[in-house]
Amino acid sequence: MLKESAVLVLGVALGWLGALASKHSLADDSEYETDDEEGAGRSARPRPRTRRPAHAAAHPTEELKMVLVVNAELKMGKGKIGAQCAHAAVGAVEALHARSWGAVLQHWEACGQPKICLQANSTAELRQLAADASAKGLPTFVVQDAGRTQVAPGSRTVLAIGPAPKSAIDGVTGHLKLL
């Protein structure tokens, strides 16, 4: 466990330095997933796979969580919301696996993989939350719907933030209401 913590802290420090050196826009800092049968599990756009979780260095032992922020302006049904939240959670975890953030995922699993569902009032608010989270070095993943059922194609339905320390996520989403 001590070895994993040391590797995590070293990886976080290197990732933080790399993040400072790069200048990505919001489009480059958020992972986007399409919700379609043919493209399931593939990102709509590739993104760099080398960033490490800068947020974890400050709180290596703090409990981690993930928040799923639902875009309330889309007025999705309960089943649609459930499916979109599942897309966001799975996409966020897959993105972290692809970046070799296994230690963070193991820590999150040890915490019981907590996930909290919140709501944003609009797409603009969802984008701002993604930008704020990315600016703090938090992993983000945005689901874009294929438009086959309840919402228009390309609609941003759910934003996943984390897994990351509770305090870091609460600094971005603490003002939001539970879904």
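Visitor: Which residues of helix 6 are buried?
Guide: This is a predicted model. In helix 6, which covers residues 166-173, the buried residues are Ala-168, Ile-169, Val-172 and Thr-173.

Visitor: Where do they sit around the axis of helix 6?
Guide: They cover an arc of only 115° around the axis, so they are on the same side of helix 6. As a general point, an α-helix has 3.6 residues a turn, so residues three or four places apart point the same way.

Visitor: And what do the buried residues of helix 6 pack against?
Guide: They pack against two groups of elements. The strands are strand 2 (64-71), strand 3 (115-120) and strand 5 (156-165), and the helix is helix 5 (123-135).

Visitor: Let us go to helix 5, then. How many residues has it, and how far does it reach?
Guide: Helix 5 has 13 residues and reaches 18 Å from its first C-alpha to its last, close to the 18 Å expected at 1.5 Å a residue. Its buried residues are Thr-123, Glu-125, Leu-126, Leu-129, Ala-130, Ala-133 and Ser-134.

Visitor: What comes just after helix 5?
Guide: Gly-137 is found there, with a positive phi of about 80°.

Visitor: Which residues take a positive phi although they are not glycine?
Guide: Ser-100 is one of them, with a phi of about 60°. Ser-100 lies in the loop between helix 3 and helix 4 (102-110). Another is Gln-113, with a positive phi of about 50°. Gln-113 belongs to the loop between helix 4 and strand 3, and it is partly exposed, at a relative accessible area of 32%. In general, most residues other than glycine have a negative phi, and most peptide bonds are trans.

Visitor: On peptide bonds, where is there a cis one?
Guide: A cis peptide bond joins Gly-162 and Pro-163, with omega at about 5°. Pro-163 is part of strand 5.

Visitor: Changing topic: what does helix 3 look like in numbers?
Guide: Helix 3 has 21 residues and reaches 30 Å from its first C-alpha to its last, close to the 30 Å expected at 1.5 Å a residue. Its buried residues include Ile-81, Gln-84, Ala-88, Ala-89 and Leu-96.

Visitor: Lys-80 is in helix 3 as well. Is Lys-80 buried or exposed?
Guide: Lys-80 has a relative accessible area of 10%, so it counts as buried; the cut-off for buried is under 20%.

Visitor: What does the side chain of Lys-80 make a polar contact with?
Guide: Its partner is the side chain of Asp-145, at 2.7 Å.

Visitor: How many disulfides does the structure hold?
Guide: The structure holds zero disulfides. For Cys-85, the nearest cysteine sulfur is that of Cys-117, 4.2 Å away.

Visitor: How accessible is Cys-85, and how accessible is Cys-117?
Guide: Cys-85 is buried, with a relative accessible area of 8%. Cys-117, at 29%, counts as partly exposed.

Visitor: How many residues does the largest nonpolar core have?
Guide: The largest nonpolar core has 22 residues, and those with the most contacts inside it are Met-66, Leu-68 and Ala-160. Strand 2, helix 3, helix 4, strand 4 (140-145) and strand 5 each supply at least two residues of this core. The largest share, eight residues, comes from helix 3. In soluble globular proteins, nonpolar side chains tend to be buried together.

Visitor: Which residues does Met-66 touch?
Guide: Not counting residues up to four places away in sequence, Met-66 touches several residues, among them Ala-89, Val-93, Trp-108, Ile-116, Ala-160, Pro-163 and Ile-169. There is also a second, separate core of 17 residues, which includes Ala-130, Leu-138, Ile-161 and Leu-176.

Visitor: Finally, how many helices and strands are there in the chain?
Guide: The chain has six helices and six strands. Along the sequence they follow the pattern α-α-β-β-α-α-β-α-β-β-α-β. Of the 179 residues in the chain, 45% are buried. Among contacts between residues at least 6 apart in sequence, 76% join residues at least 24 apart.

Methods
Residues numbered from 1 in each chain as written. Predicted model: local features only at pLDDT ≥ 70, side-chain atom pairs only at ≥ 80, totals over all residues. Heavy atoms only, no water. Buried < 20%, exposed > 50% of the residue type's maximum accessible area, 1.4 Å probe, protein only. Helix = DSSP H or I, 4+ residues; strand = E, 2+ residues; numbered from the N terminus. Arc of directions from axis to C-beta. Contact = heavy atoms within 4.5 Å. Polar contact = N/O pair within 3.5 Å; in protein donor to acceptor, adjacent residues only side chain to side chain. Disulfide = S-S within 2.5 Å. Core = buried A, V, L, I, M, F, W, Y, C linked by side-chain atoms within 4.5 Å. Expected span 1.5 Å × (residues − 1).
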